[in-house]
Amino acid sequence: METVRPTLPIKRPLRRRSLHAEAVETLREMIIAGELAPGVRLIEAELCELFSISRTPLREALRVLEVEGLVDFYPNRGAVVSTISAEEVVQQFEVLANLERVALELAMARMSPADLARINRMHDRMIALYEAKQRRECFQKDFDIHNRIVALCGNPVLRDMHAGLMTRSRRVRYFALHSKSRWSEAMSEHQAFMQAINDKDIQRASLLMRDHVLRTGFLVGEFVSGRIDASPEMLSHLDRESD
């Protein structure tokens with residue numbers, strides 16, 4: 001059954017950079033934020049009106065989002081926001097876990113003392129946000145730490161593969177923190193691999209990183225299983241109910 005389309009927000013004329021690149025970025029954020037929920041049909045005429053652009057750059061943008069796994073195309077229906085499959089989530093995180101394991105091994109062999117100090121500061125800030133119960137801000141700092149480690153690996157091929165998967169998984173990563181117990185568990189896992197990084201124990205640190213990401217993927221997959229409409233907005237409702 002097709003999800004009922006929401007009322008689109010006010011116009012968002014696109015003026016920066018190329019029109020199709022700006023359309024990609026704006027649509028991507030709308031999907032990730034849950035403004036456009038899984039299963040929603042993307043009506044070209046409405047989106048062209050919303051963004052004040054022609055069909056050509058819009059269609060180019062939709063094809064980019066199809067490659068990223070955020071949009072699907074169907075005969076006689078056109079573009080639809082992709083639903084979130086538990087099986088696909090687990091598969092994505094299996095790859096991410098091993099990419100980040102290798103990235104951490106490479107980064108630890110190459111990072112400078114200043115690089116390590118910066119990661120420690122990011123980690124300390126994340127823990128402070130956790131203790132202040134600022135879950136979304138804490139999650140963003142967690143996300144930043146993982147990306148920073150990959151940035152330090154010195155391997156552009158790995159970085160590009162990781163960036164593509166992170167874009168696809170970003171819509172669902174936060175679901176791993178839907179329970180307060182998992183949030184606490186995730187912070188303990190971070191503490192453990194950060195300690196191993198500071199101890200310069202490459203093997204232990206990389207395995208702890210891999211297991212941390214695999215655990216995240218398993219819990220995200222568990223959360224979205226049977227929820228074809230899983231979206232950040234759903235989790236916002238759960239947040240409010242738990243307060």
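Visitor: Which residues of helix H1 are called buried, and what does the word ask of them?

Guide: In H1, the buried residues are Glu22, Ala23, Val24, Thr26, Leu27, Arg28, Met30, Ile31 and Ile32. Buried means under 20% relative accessible area (exposed is over 50%, partly exposed in between; 1.4 Å probe, protein chains only). This is a predicted model, where local features need pLDDT of at least 70, side-chain atom pairs count only at pLDDT 80 or more, and totals for chains, interfaces and linings use all residues. Residues are numbered from 1 along each chain as its sequence is written, and side-chain values use heavy atoms, leaving out hydrogens and water.

Visitor: Why is Cys48 called buried?

Guide: Its relative accessible area is 11%, so Cys48 falls under the cut-off. Cys138, at 1%, counts as buried too.

Visitor: What makes H1 a helix, and how does its reach compare with the expected span?

Guide: A helix is a DSSP run of H or I with at least four residues, numbered from the N terminus (a strand is a run of E, at least two). H1 covers residues 19-33, with 15 residues. From first C-alpha to last, H1 reaches 21 Å, close to the 21 Å expected (1.5 Å times one less than its number of residues). After H1 comes Gly34, with a positive phi near 90°.

Visitor: How do you know that strands S1 and S2 pair?

Guide: Pairing needs at least two DSSP bridges; antiparallel S1 (residues 71-74) and S2 (residues 78-81) are joined by four, so they pair. Tyr74 has Gly78 in S2 as its bridge partner.
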